[in-house]
Amino acid sequence: MTDRNRLDTATSPYLLQHADNPVDWWEWGPDAFAEAGRRDVPVLLSVGYSACHWCHVMAHESFEDEATAAVMNENFVAVKVDREERPDVDAVYMRATQGMTGQGGWPMTVFLTPDRLPFYAGTYFPPAPRHGLPGFGQVLAAISEAWRERREEVITSAGNITRQLTTQARPDSLAGETSDVDLDAAVAALHRDFDGQRGGFGRAPKFPPSMVLEALLRIGTDEAAEMADGTLEAMARGGICDQLGGGFARYSVDAAWVVPHFEKMLYDNALLLGVYTHWWRRSGSDLAADVVEALVGWLLREMRTDQRAFAASLDADSLDAEGHLHEGAYYVWTPDQLVAELGQMDGSFAAEAFGVTPVGTFEHGTSTLRLIGDPDRDRLVDVRRRLLAARDRRTPPGRDDKVVAAWNGWLIDALTTAGMVFERPDWVAAATQSADLIWRVHWDGTRLVRTSRSGVPGGAPGILEDYAALAQAFVRLAGVHGDPTWLQRARSLIAVVAEQFDDGEGGYFDTAADAEALFTRPADPTDNATPSGLSAAVHALRALAEFTGDGDYAERADRASTGAGRLARAAPRFAGWLLADAVSRHRHPSVQLAVVGPADSAQTQAMVTTGYRFAPAGSTIVTGLPDTEGLPLLADRTMIGGRPTAYVCRHFVCKLPVTTVDDLLTLLAPGRVRVEHRSPPSTPESGPD
């Protein structure tokens with residue numbers, strides 16, 4: 001084929017990357033499987049995402065090769081899926097891939113019958129055999145031959161695989177309330193896996209354990225703090241953190257956080273923004289403040305779309321100085337390059353400050369940048385500014401500019417919180433603009449779509465995490481703006497969760513009841529790179545319960561967390577958000593803080609800032625005028641003596657109101673030594689457009 005294929009009309013940037021392949025790709029849908037049935041051939045399902053390095057490698061080696069494409073076109077119906085757009089398809093066939101091979105990853109390659117049942121699977125296949133992997137051409141030939149010559153065996157295998165996957169029930173051992181004993185057991189289990197020298201858990205590769213870190217920060221014991229502080233500092237100083245532009249790569253390929261897999265994902269950075277903001281609240285660490293400021297700077301500078309939401313990812317690969325595509329080319333340096341940009345004195349300073357060596361820490365004598373020690377602050381700021389300007393002259397990695405509802409939801413919540421903690425109204429404005437876009441484009445009046453691009457909604461329906469993440473974010477905005485519109489929107493989203501996602505046993509499916517039926521309906525309670533749909537729903541329900549006083553929301557959150565509560569003890573690395581929820585209910589209970597007073601009052605804002613900095617994690621904070629309609633926490637809250645007044649409550653039962661910041665601090669953190677924070681990042685003269 002020489003013309004662009006069917007993917008030319010896709011909205012996913014990942015699918016569009018394959019639109020000029022000689023492969024006759026189809027998008028996932030009934031037409032593709034009908035075509036496979038008509039032709040009596042298997043379906044070749046290829047799943048990946050835009051920022052995936054090995055997805056690009058396999059595309060260049062195989063999908064762009066005319067001979068390989070001809071074999072695919074003759075013997076299969078080839079279907080390409082963006083896992084970020086269709087996480088439901090990815091989830092069920094990843095389970096099949098892991099079940100058949102013992103491992104998973106992307107690109108994921110699965111062969112299906114025309115009725116969508118998997119019978120053979122793998123991940124990356126090279127064009128020729130190497131490292132124990134068969135060549136992709138060999139795989140195609142073997143599958144095609146088996147389909148022609150041993151059809152009954154293939155069908156039987158597919159049926160057996162499907163029955164095994166669909167009959168795996170949720171283990172009874174996961175059910176149970178998470179108690180203080182479970183929290184202690186979880187901390188002990190995490191400590192056994194903790195890398196005390198380099199931070200993080202387990203061995204390489206190491207992923208940012210965002211949800212676990214949030215739980216540890218909430219627990220706050222010496223043992224928990226050791227793990228949280230050690231990991232947060234190691235990541236902030238490591239190559240996984242972009243020391244010039246801000247933000248974090250998806251994971252480190254080594255145990256010491258030196259060499260990242262360079263793709264940058266919005267979800268990682270949204271979750272890490274929340275965690276580093278919390279770390280600054282607890283510690284006052286200059287390093288934490290620097291990470292937050294740089295991360296938000298990167299988000300606003302590079303990740304905002306023209307519609308003012310936030311794009312999905314940046315690619316791992318980019319062009320080097322010779323025009324060749326390489327992973328990490330945009331980010332790595334040699335000592336000579338530093339000197340060329342900065343001069344001998346500052347170049348040598350930068351090499352020492354960032355750990356850039358003649359031998360290199362990456363490939364071909366290049367080094368990733370790390371923060372070694374604590375060099376002179378003013379000089380470091382200047383060097384970073386100049387190197388970032390130099391890097392901007394390089395060819396940047398590609399950006400996947402689709403907008404994912406859930407990822408924007410987590411970012412809206414974290415960015416709003418950071419804006420309130422650091423007194424940055426421009427950050428809050430940016431978060432609000434994203435929320436406005438999501439509601440306007442992704443909500444059709446009754447349901448969410450998962451993705452959009454250039455302000456045009458995609459065709460994939462929202463899944464549980466989309467509804468939950470946005471609901472939690474909208475509750476946050478309702479409190480910050482004193483605007484019941486956001487609260488009503490959160491209620492609308494959770495109403496869909498109750499109607500479409502409830503599993504009838506207290507938990508939740510990841511896909512809606514009326515969504516496309518796959519061979520199994522995903523319902524994974526474990527956190528991985530992002531919170532599970534279930535744990536996201538628990539946090540959203542808890543936020544609504546605390547904001548409204550509606551006991552039904554609280555009961556549903558309790559049922560859902562109980563349904564998977566023993567994960568906290570059995571596998572705490574995969575239950576971070578359930579652990580965090582349990583801490584805020586049992587060990588360090590969250591509060592409801594209502595601050596009533598004029599929005600333009602300095603005293604009102606001072607008390608709100610105090611709440612965001614010192615209230616227990618997971619607390620609900622709302623500000624507005626007394627008796628604002630639609631905001632239950634402000635009902636019957638009067639201003640004492642006409643002055644802005646704060647009410648600290650639990651379950652809508654309040655302590656005596658206070659009118660000074662010091663008295664509020666005493667109520668929020670009795671007996672706590674007030675942390676002396678560095679002055680927050682300065683507010684620019686104007687907010688975002």
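## Helix 9 against helix 10

Helix 9 (210-219) and helix 10 (residues 222-237) pack at about 135°, their axes 8 Å apart. Axes here are lines fitted to C-alpha atoms, for helices over the stretch in contact, and angles run from 0 to 180 degrees between N-to-C directions. The two helices are therefore oblique to each other. Angles under 35 degrees count as roughly parallel, over 145 as roughly antiparallel, 65 to 115 as roughly perpendicular, and the rest as oblique. The crossing of helix 9 and helix 10 is left-handed. That term applies if the near helix is turned anticlockwise from the far one by less than a right angle; clockwise gives right-handed.

On the helix 9 side, the contact uses Leu 213, Leu 216, Leu 217 and Ile 219. They meet Ala 224, Met 227, Ala 228, Thr 231, Leu 232 and Met 235 of helix 10. Contact means heavy atoms within 4.5 Å. By class, this contact has nine nonpolar residues, one polar and no charged. Ala, Val, Leu, Ile, Met, Phe, Trp, Tyr, Cys and Pro count as nonpolar, Asp, Glu, Lys and Arg as charged, and the others, Gly among them, as polar.

## Basis of the model

The model is predicted: local features need pLDDT of at least 70, side-chain atom pairs count only at pLDDT 80 or more, and totals for chains, interfaces and linings use all residues. Residues are numbered from 1 along each chain as its sequence is written, and side-chain values use heavy atoms, with hydrogens and water left out. Helices (H or I, at least four residues) and strands (E, at least two) are DSSP runs, numbered from the N terminus.

## Helix 24 against helix 25

Helix 24 (residues 602-614) and helix 25 (residues 661-668) have axes that come within 10 Å and cross at roughly 25°. That makes helix 24 roughly parallel to helix 25. The crossing is right-handed.

Helix 24 contributes Gln 603, Ala 606, Met 607, Thr 610, Gly 611 and Phe 614 to the contact. Helix 25 contributes Val 661, Leu 664, Leu 665 and Leu 668. The residues of this contact divide into seven nonpolar, three polar and no charged.

## Aromatic pairs

The whole structure holds 25 aromatic pairs. Rings of Phe, Tyr and Trp (its six-membered ring) pair if their centres lie within 6.5 Å; planes under 30 degrees apart count as stacked, over 60 as edge-to-face and the rest as tilted. Phe 76 and Phe 111 have ring centres 5.4 Å apart and planes at 55°, so the pair is tilted. Phe 76 sits in the loop between helix 4 (66-75) and strand 3 (77-82), and Phe 111 in strand 4 (residues 108-112), so the pair ties together parts that are 35 residues apart in sequence. Phe 76 is buried at 2% relative accessibility. Phe 111 is buried at 0%. Buried means under 20% relative accessible area, exposed over 50%, partly exposed in between (1.4 Å probe, protein chains only).

Trp 439 and Trp 443 form a stacked pair: 4.8 Å centre to centre, 15° between the planes. Both Trp 439 and Trp 443 are buried. Trp 25, Phe 63, Phe 125 and Phe 136 form one aromatic cluster.

## Backbone exceptions

Most residues other than glycine have a negative phi, and most peptide bonds are trans. The bond from Trp 106 to Pro 107 is cis, with omega near 5°. Pro 107 lies in the loop between helix 5 (87-101) and strand 4. Ala 204 and Pro 205 are also joined by a cis peptide bond, with omega about -5°.

His 364, not a glycine, has a positive phi of about 55°. His 364 is exposed, with a relative accessible area of 74%. Asp 636 has a positive phi of about 60° and is exposed at 64%.
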